[in-house]
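Hello,

Here is the structure I promised to pass on. Please open it first, and then read my notes below.

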Amino acid sequence: MKPAGPPITPAGMAALKARYDHLLGTERPAIVEIVSWAAGNGDRSENGDYLYGRKKMREIDRELAHLIKRMKALRVVDPAAQVDRSRVFFGARVTIADEDENRQTVQLVGDDEQDAGAGLIGWNSPMARALRGASVGDSRVVSLPSGTREWEVMSIAYD
């Protein structure tokens, strides 16, 4: 039996699939058209459209291969299906406060969908690892590049 892969939310998987569909259905056909047109113009060794188009097509093909590999390896975990909502698990939206009562809300998501600016932290990040299993009122010490900080869990929610 295949071991379970890294987790991803349904929204994260949908975003990967949308990117794949866009590359395959829109960007790649447009580049193929440019390369075909440029190939018909004669000397390919000095044809910028042809050379750039081939390079761009290789980049798109590499990204498509990467997306296929990732989508096959990932395991979709729906946060809404979480039974124990009193503790922090994958997909939890957690409001935390530091020693100065500065609050922030983060959501634990798959590493492929993390975006710190949007409050989405990767499942394997130091912050997520520290918060796993915490309950409201628990304090966690997190080692970050900027130094060690202590956070208290203020609330936990699942979408």
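D21 comes first: at 36% relative accessibility, D21 counts as partly exposed. This is a predicted model. The side chain of D21 meets that of K17 in a salt bridge, 3.0 Å from N to O. K17 is also partly exposed, with a relative accessible area of 41%. Both residues sit in helix α1 (residues 10–39). They are four residues apart there, about one turn of the helix.

Now the overall picture. The protein chain has three helices and seven strands. From the N terminus, the order is β-α-α-β-β-β-β-α-β-β. The radius of gyration is 22 Å, whereas a compact globule of 159 residues would come in near 15 Å. The C-alpha trace spans about 70 × 40 × 25 Å along its principal axes. Of the 159 residues, 33% are buried. Take the contacts between residues at least 6 apart in sequence: 53% of them join residues at least 24 apart.

Next, the salt bridges. The structure holds eight.

- R93 pairs with D159, with the closest N and O atoms 2.8 Å apart. R93 is partly exposed, at 31% relative accessible area.
- R149 meets D98 at 2.3 Å, N to O. R149 is partly exposed, with a relative accessible area of 29%, whereas D98 is buried at 4%.

There is also a network of salt bridges that links R19, E27 and E63.

On to the strands. β3 (residues 93–97) and β4 (residues 103–109) run antiparallel and are joined by five bridges. V94 has V106 as its bridge partner in β4. The two strands form a hairpin with five residues between them. E101 is in that turn. E101 has a positive phi of about 65 degrees, although it is not a glycine. β4 also pairs with β5 (residues 120–122), this time in the parallel sense, over three bridges. Here Q107 has L120 as its bridge partner in β5.

The loop between β4 and β5 deserves a look. Two of its residues are E113 and G119.

What does E113 have around it, given that it is buried yet has no salt bridge? The nearest side chain of opposite charge, R70, is 9.5 Å away. A polar atom of the E113 side chain does lie 3.4 Å from the backbone nitrogen of G12. Beyond its neighbours within four places in sequence, E113 is in contact with I8, T9, A11, G12, F90 and L120.

G119 is buried too, with a relative accessible area of 13%. Setting aside residues up to four places away in sequence, G119 touches T105, V106 and Q107.

Best wishes

Methods:
Residues are numbered from 1 along each chain as its sequence is written. This is a predicted model: local features need pLDDT of at least 70, side-chain atom pairs count only at pLDDT 80 or more; totals for chains, interfaces and linings use all residues. Side-chain values use heavy atoms; hydrogens and water are left out. Two strands pair if DSSP finds at least two bridges between them. Buried means under 20% relative accessible area, exposed over 50%, partly exposed in between (1.4 Å probe, protein chains only). Lys and Arg count as positive and Asp and Glu as negative; His and the chain ends are not counted. A salt bridge is a side-chain nitrogen of Lys or Arg within 4 Å of a carboxyl oxygen of Asp or Glu. A polar contact is a pair of N or O atoms within 3.5 Å; within protein, one must be able to donate a hydrogen and the other to accept it, and residues adjacent in sequence count only if both atoms are side-chain atoms. Contact means heavy atoms within 4.5 Å. The radius of gyration is taken over C-alpha atoms; the globule rule is 2.2 Å times the number of residues to the power 0.38.
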